Amino acid sequence: MSLVLQGFSVGGGIAIGRAHLVRQSMDDVVHLQLEDDAIEQEIKRFEEAIKLTRKQLEKLRISIPENAPTELGAFISLHLMLLTDVTISREPIDLIEEEHCNAEWALKIQVENLSQQFDDIEDEYLRERKQDMLQVVERIFKNLAGQNPEVGMSVDLFDETILVAHDLSPADMVYFKDNRIAAFTTDVGGLTSHTAILGKSLDLPSVIALNNGRDLIREDDWLIIDGIDGVVIVQPDDIVLTEYRQRAREYKAGLKKLEKIKKVAAQTLEGIPVDLLANIESPDDIEDVLKTGADGVGLFRSEFLFLNRDTFPTEEEQYQVYTQTIKSLKTKQLTVRTIDLGVDKNPRWFHHDQGLNPALGLTGIRLCLAEPILFRTQLRALLRASVHGDIQIMFPMISSIVELNQALSHLEIVKDQLKEEKIPFNVKIKIGTMIEIPSAALTVTSILKKVDFISIGTNDLIQYTLAVDRANTAVAHLYQSTHPAILKLVSHIIKSANKLEKPVAICGEMAGDIKLTRLLLAMGLRRFSMHPANLLAIKQRICETKLIDIEPISVKVFRTEDPDRVEELVTKMNSL
Ligand code: PEP
Ligand code: MG
């Protein structure tokens with residue numbers, strides 16, 4: 001019997017293929033009752049996993065670069081210590097022997113006991129070590145399954161594999177860049193979560209926030225993933241399959257048609273030019289950028305270079321990546337955002353306590369200011385690469401000019417060092433900031449006076465203004481880019497920048513949302529940065545727009561404080 005599930009569409013068109021359930025950590029562990037003669041083998045399997053985990057941690061410890069934060073070595077030592085503790089390395093073996101259960105189940109039972117004991121500890125520091133214990137155990141789980149340590153995958157991937165996961169982290173998504181799959185679904189997530197953003201950049205049909213897809217879909221089920229309408233059809237019948245095959249063909253034909261405007265200038269019907277830039281996460285994305293004819297890269301989320309590895313990249317490694325990226329962009333501009341780690345993007349070597357509200361904690365520029373070596377290493381690499389082309393540097397999550405001044409003084413120190421070492425760099429390199437925190441939006445004029453350009457991060461601006469977690473399905477209906485408060489803020493930022501004649505772009509998801517293109521043009525936006533996959537459709541919309549015609553409706557949009565009325569007016573504006 002077929003089944004239809006509704007979620008949010010991330011894009012990428014339509015895929016038809018077979019489900020592969022992504023097993024994720026402890027929650028998915030099943031209880032197996034083993035025969036007597038299987039016990040010895042099971043214990044051996046557990047011991048092997050412990051051995052492998054120890055090897056991985058030891059390798060990690062010896063490969064820490066000299067300039068790494070000092071806590072890093074201490075944390076790895078702590079993990080090694082936890083691993084050798086009898087509660088983790090010996091007691092699960094006793095359980096396997098006594099209960100005749102599988103190793104995963106024994107470990108899960110043991111972890112539940114240990115978690116309880118940690119929760120009962122009064123000393124706050126010791127209580128918080130529970131997270132370390134869980135990280136160590138997670139490693140053992142993955143080694144037990146012989147899986148890819150990042151995603152929990154134990155099968156080879158094929159063109160028609162559709163991954164069905166409860167959740168995928170941004171780091172998991174990076175893994176898919178190099179591995180073939182047809183599509184993916186998750187049960188949780190919001191449309192501007194980093195997982196969804198990466199899904200878009202992979203241009204894979206994907207549907208998120210299915211709620212219980214992971215429970216309802218079975219391994220090898222045939223699936224249709226409709227990334228246009230956000231629908232997943234499980235075990236479709238022949239009639240539905242035929243219909244979707246036709247829709248997939250039409251979608252591809254539509255994309256092909258759009259390719260024809262690749263070389264057409266992006267300008268409104270009255271000839272006002274608009275810059276269309278691309279967002280990227282790795283140098284590998286440049287090929288797609290060039291294919292769409294983008295004017296350059298408006299946002300390189302450089303933190304993705306720091307994920308899925310055991311140590312942070314050295315200055316030389318980073319220099320090579322930035323150099324390769326700018327060279328492959330030929331004469332086009334590259335805006336590199338300095339690392340925006342924390343919250344959902346936590347490298348393995350990152351051991352800061354995230355607190356109860358990670359999105360309000362040590363993230364973005366705050367983390368860089370707290371880890372000057374990390375920050376300056378990246379700035380050195382970027383400055384050195386700036387001799388190879390038009391590189392701009394952009395700081396994330398700036399909340400005030402105080403933070404901006406601190407970031408700028410690190411930059412000055414690094415520039416002085418390079419001068420002293422006679423290492424060349426572009427002394428006129430342009431510096432900008434993201435405007436993605438309401439406090440920065442409201443004080444944008446003072447920020448603008450200190451930088452060469454700004455770029456509006458609407459994904460976070462919406463989250464922080466509306467107090468809605470961008471990745472939380474339960475509140476996704478409250479995450480509204482057309483909320484009048486958001487429109488007021490975005491319009492204020494654009495107007496302030498235009499007044500001072502400083503370039504302003506939007507690099508959040510609003511820039512690639514065709515529903516909003518006309519409204520943003522009416523606000524005075526002339527630089528849009530988005531996934532390459534959205535760029536030609538946005539260009540087409542710009543080329544069909546006459547600003548003078550949409551102005552009367554836009555005036556009404558900016559006057560109303562009623563979100564429903566905004567929706568109505570935007571629909572009307574788009575129907576002109
Ligand atoms: C944003 O917040 O809009 C943005 C572009 O940055 P990120 O999505 O990486 O947080
Ligand atoms: Mg952001």
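The exercises below work through ligand contacts, a metal site and salt bridges in a predicted model.

**Exercise 1. Which residues are closest to ligand 1, and which elements give two or more residues to its shell?**

Step 1. Count the shell. Ligand 1 is surrounded by 15 residues. R301, R337, G457, N459 and R470 are the closest.

Step 2. Check polar pairs. R301 places a polar side-chain atom 2.7 Å from a ligand oxygen. For R337, a side-chain N or O atom is 2.8 Å from an oxygen of ligand 1. D460 has a polar side-chain atom 2.9 Å from a ligand oxygen.

Step 3. On its own, ligand 1 has 290 Å² of accessible area, and the protein covers 100% of that.

Step 4. Assign elements. α9 (194-202), β10 (296-301) and α19 (458-466) each give two or more residues to the shell. The largest share, three residues, belongs to α19.

Step 5. Sort by class. The shell holds six charged, five polar and four nonpolar residues.

**Exercise 2. Which residues coordinate the magnesium ion, and are they buried or exposed?**

Step 1. Find the donors. E436 (OE) and D460 (OD) coordinate the ion, ligand 2, at 2.0 to 2.1 Å.

Step 2. E436 sits in the loop between β13 (430-435) and α17 (438-442), and D460 in helix α19, so the pair ties together parts 24 residues apart in sequence.

Step 3. Apply the cut-off for buried, under 20% relative accessible area. E436 is at 2%, so E436 is buried. D460 is at 8%, so D460 is buried too.

**Exercise 3. Where do E303 and R337 lie, and are they buried or exposed?**

Step 1. Start with the total. The whole structure has 26 salt bridges.

Step 2. Take the pair. E303 and R337 form one, with the closest N and O atoms 2.6 Å apart.

Step 3. Locate both ends. E303 is in the loop between β10 and α13 (315-328), and R337 is in strand β11 (residues 333-337), 34 residues apart.

Step 4. Check burial. E303 has a relative accessible area of 0%, so E303 is buried. R337 has 3%, so R337 is buried.

**Exercise 4. Are E567 and K515 buried or partly exposed?**

Step 1. Note the contact. Their side chains form a salt bridge at 3.8 Å, N to O.

Step 2. Locate both ends. E567 belongs to helix α24 (residues 563-574), K515 to the loop between β15 (504-506) and α21 (517-523), 52 residues apart.

Step 3. Read the accessibility. E567 is partly exposed at 31%. K515 is partly exposed at 34%.

Methods
Residues numbered from 1 in each chain as written. Chains lettered and ligands numbered in written order. Predicted model: local features only at pLDDT ≥ 70, side-chain atom pairs only at ≥ 80, totals over all residues. Heavy atoms only, no water. Near = heavy atom within 4 Å. Polar contact = N/O pair within 3.5 Å; in protein donor to acceptor, adjacent residues only side chain to side chain. Areas by Shrake-Rupley, 256 points an atom, 1.4 Å probe, with all protein chains shown as cover. Helix = DSSP H or I, 4+ residues; strand = E, 2+ residues; numbered from the N terminus. Nonpolar A, V, L, I, M, F, W, Y, C, P; charged D, E, K, R; others polar. Donors = N, O, S within 2.8 Å, 3.2 Å for Na, K, Ca; no water. Buried < 20%, exposed > 50% of the residue type's maximum accessible area, 1.4 Å probe, protein only. Salt bridge = Lys/Arg side-chain N within 4 Å of Asp/Glu carboxyl O.
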